[in-house]
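I set out to record the fold and the aromatic pairs of this entry. My notes follow the display.

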Amino acid sequence: MKKSVLTRYRVMAYVTAVLLILLTIGVIGKRVLDLSGFDGFVTVVGIAHGWLYVIYLVFAFDLGTKAKMPLGRLAWVLLAGTVPTAALFVERKVTREVSPLIAEDTAPKPAAV
């Protein structure tokens with residue numbers, strides 16, 4: 001497996017997690033605290049999180065199939081983007097498990113003569 005597969009997943013896991021945390025804060029501000037300035041914020045962050053979560057799903061599924069994850073673990077990885085902060089913890093665990101599977105492409109290639 002290429003390192004780029006894991007890197008894509010990690011970036012999207014962090015982006016999805018941060019946007020979901022911001023969305024949660026925005027919804028609390030809008031609904032619970034009844035603050036007036038959060039309407040636009042919740043709309044923009046909600047749309048961004050929704051679209052980027054779809055990209056997260058694609059990258060997480062790609063990583064899971066290439067790492068040959070069991071179906072239960074893959075489902076947890078896919079759903080981690082829907083629970084605030086869960087993607088951060090799941091990303092760390094997945095990275096530790098998948099890192100040994102990355103192909104060692106760091107060896108220098110001999111120059112063509």
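What percentage of the 113 residues in the protein chain do buried residues make up? I find 32%, where buried means under 20% relative accessible area, exposed over 50% and partly exposed in between, with a 1.4 Å probe and protein chains only.

I note that this is a predicted model, in which local features need pLDDT of at least 70 and side-chain atom pairs count only at pLDDT 80 or more, while totals for chains, interfaces and linings use all residues. Residues are numbered from 1 along each chain as its sequence is written, and side-chain values use heavy atoms, with hydrogens and water left out.

I count 4 helices and 0 strands in the protein chain, taken as DSSP runs numbered from the N terminus (helices H or I, at least four residues; strands E, at least two). The C-alpha trace spans about 70 × 35 × 20 Å along its principal axes.

I then looked up the aromatic pairs and found 3 (ring centres of Phe, Tyr or the six-membered ring of Trp within 6.5 Å; planes under 30 degrees apart stacked, over 60 edge-to-face, the rest tilted). The Tyr9 and Tyr56 rings are tilted, because their centres lie 5.8 Å apart and their planes meet at 35°. Tyr9 belongs to helix 1 (residues 3–32) and Tyr56 to helix 2 (residues 39–66), so the pair ties together parts 47 residues apart in sequence. I record Tyr9 as buried at 0% relative accessibility, and Tyr56 as buried at 0%.

Phe38 and Phe41 form an edge-to-face pair, 6.2 Å centre to centre with 85° between the planes. Phe38 is partly exposed at 22%, and Phe41 is partly exposed at 33%. I close with the cluster that ring pairs make of Tyr9, Tyr53 and Tyr56.
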